[in-house]
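Subject: A structure for you to look at

Hello,

I am passing on a structure that you have not worked with before. Please have a look at it first, and then read my notes below.

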Amino acid sequence: MGRLTRTSKKRAGKSPFVANRGVLFLDEVPEFSRDVLESLRQPLEDGTINVNRAAGSVTYPARVLLVTACNPCPCGFLGDPVEQCRCTEHALERYRRKLSGPILDRIDLHVAVPRLKPEELVSLDEARGETSESVRARVVNARTLQQDRWRELGYGCNAELPERVLRRNLGMEADVRPFLTQTLKGLRLSGRGFSRVLRVARTIADLEGAEKIAVPHVAESLSYRKGEALNDAWR
Ligand SMILES: [Zn+2]
């Protein structure tokens with residue numbers, strides 16, 4: 001069943017809660033079996049996992065930050081500006097089918113990372129871009145904002161908000177709803193996907209220290225759902 005099972009077995013002796021509040025990184029995610037990926041649905045949605053055996057069932061806390069990585073195709077060069085993809089149509093189709101819609105639907109941020117050109121590699125220097133320290137400070141501020149906002153309702157951050165609480169409590173500028181109505185007409189987003197777009201938009205607003213979600217926050221959040229558009233194009 002792949003690395004996930006081996007890791008679980010190795011760590012089970014220490015504590016059944018070792019994955020809770022941790023980072024679960026699945027490299028080369030299409031290499032995992034469909035069963036393993038499907039079994040992630042419940043923990044990603046509820047933050048818990050049920051283990052059912054003949055003697056009974058147990059529910060463990062399993063809230064993880066899931067990070068996955070994959071190539072655009074088996075040879076790795078699909079869409080590359082320099083190298084030609086050598087995969088057959090059949091191989092591409094099989095690879096694409098492995099990333100099922102429901103799993104992509106539960107991943108908030110889909111980011112394509114194209115290969116750097118030689119001149120970009122050479123011109124990289126440490127003085128450019130935001131430092132990790134300043135990113136960390138912004139993240140700590142946003143987390144504090146979220147903890148203060150949701151404390152009364154019993155949640156610690158935007159990602160933990162269940163659907164019913166989410167829709168009523170987000171705080172949006174007046175023009176966000178018309179923008180969403182218009183934009184969503186052209187997208188095939190599930191209800192769950194839409195909720196995730198809203199949670200991410202709330203977090204983007206928090207990172208800026210904005211009290212209400214504005215149109216640019218929602219537009220940025222939607223731009224991270226590229227995997228869905230990609231998945232549509234693959235079908
Ligand atoms: Zn290829």
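The chain folds into 12 helices and four strands; here helices (H or I, at least four residues) and strands (E, at least two) are DSSP runs, numbered from the N terminus. Please keep in mind that this is a predicted model, where local features need pLDDT of at least 70 and side-chain atom pairs count only at pLDDT 80 or more, while totals for chains, interfaces and linings use all residues. Residues are numbered from 1 along each chain as its sequence is written, and side-chain values use heavy atoms, with hydrogens and water left out.

Of the 235 residues in the chain, 29% are buried. Buried means under 20% relative accessible area, exposed means over 50%, and partly exposed lies in between (1.4 Å probe, protein chains only). Among the contacts in the chain with a separation of 6 or more, 62% are between residues 24 or more positions apart; a contact means heavy atoms within 4.5 Å.

The zinc site

Which residues coordinate the zinc ion? They are Cys 73, Cys 75, Cys 85 and Cys 87, each through its SG atom, at 2.2 to 2.5 Å. Donors are N, O and S atoms within 2.8 Å of the metal (3.2 Å for Na, K and Ca), and water is not among the atoms, so sites may look incomplete. The angles among the four donor atoms run from 105 to 113°, and the site of the zinc ion is tetrahedral. For that label, all angles of four donors must lie between 85 and 135 degrees. For orientation, the ideal angle for four tetrahedral donors is 109.5 degrees.

Along the chain, the donors of the zinc ion follow the spacing C-x1-C-x9-C-x1-C. Cys 75 and Cys 85, 10 residues apart, form a pair that links distant parts of the chain, and each sits in the loop between strand E4 (65–68) and helix H4 (89–98). Cys 85 is partly exposed, with a relative accessible area of 23%.

Leaving aside its neighbours within four places in sequence, Tyr 95 is in contact with Pro 30, Cys 70, Asn 71, Pro 72, Cys 73 and Pro 74. Tyr 95 counts as buried because its relative accessible area is 11%. Tyr 95 and Asn 71 are 24 residues apart in sequence, with 9.7 Å between their C-alpha atoms.

Helix H7 (residues 132–150) and helix H10 (residues 191–208) pack at an angle of about 115°, with their axes 8 Å apart. The axes are lines fitted to C-alpha atoms, for helices over the stretch in contact, and angles run from 0 to 180 degrees between N-to-C directions. From H7, the contact is made by Arg 138, Val 139, Ala 142, Leu 145, Gln 146 and Arg 149, and from H10 by Arg 202, Thr 203, Asp 206 and Leu 207. These residues divide into four nonpolar, two polar and four charged; Ala, Val, Leu, Ile, Met, Phe, Trp, Tyr, Cys and Pro count as nonpolar, Asp, Glu, Lys and Arg as charged, and the others, Gly among them, as polar.

H10 also holds Arg 196. Is Arg 196 buried or exposed? Arg 196 is buried, because its relative accessible area is 9%. Not counting residues up to four places away in sequence, Arg 196 touches Leu 44, Glu 45, Asp 105, Arg 106, Asp 108 and Arg 225.

A few single residues

Most residues other than glycine have a negative phi. Arg 21 is not a glycine, yet has a positive phi of about 65°. Arg 21 lies in the loop between helix H1 (3–12) and strand E1 (23–26) and is exposed, at 58% relative accessible area. Glu 28 has a positive phi too, near 50°; Glu 28 is in the loop between E1 and helix H2 (34–38) and is partly exposed, at 29%.

Ile 49 belongs to strand E2 (residues 48–53). Among the residues that Ile 49 touches are Ser 39, Val 58 and Tyr 60.

Best wishes

Technical notes
Tetrahedral: all angles 85-135°; square planar, octahedral: opposite > 155°, others 65-115°.
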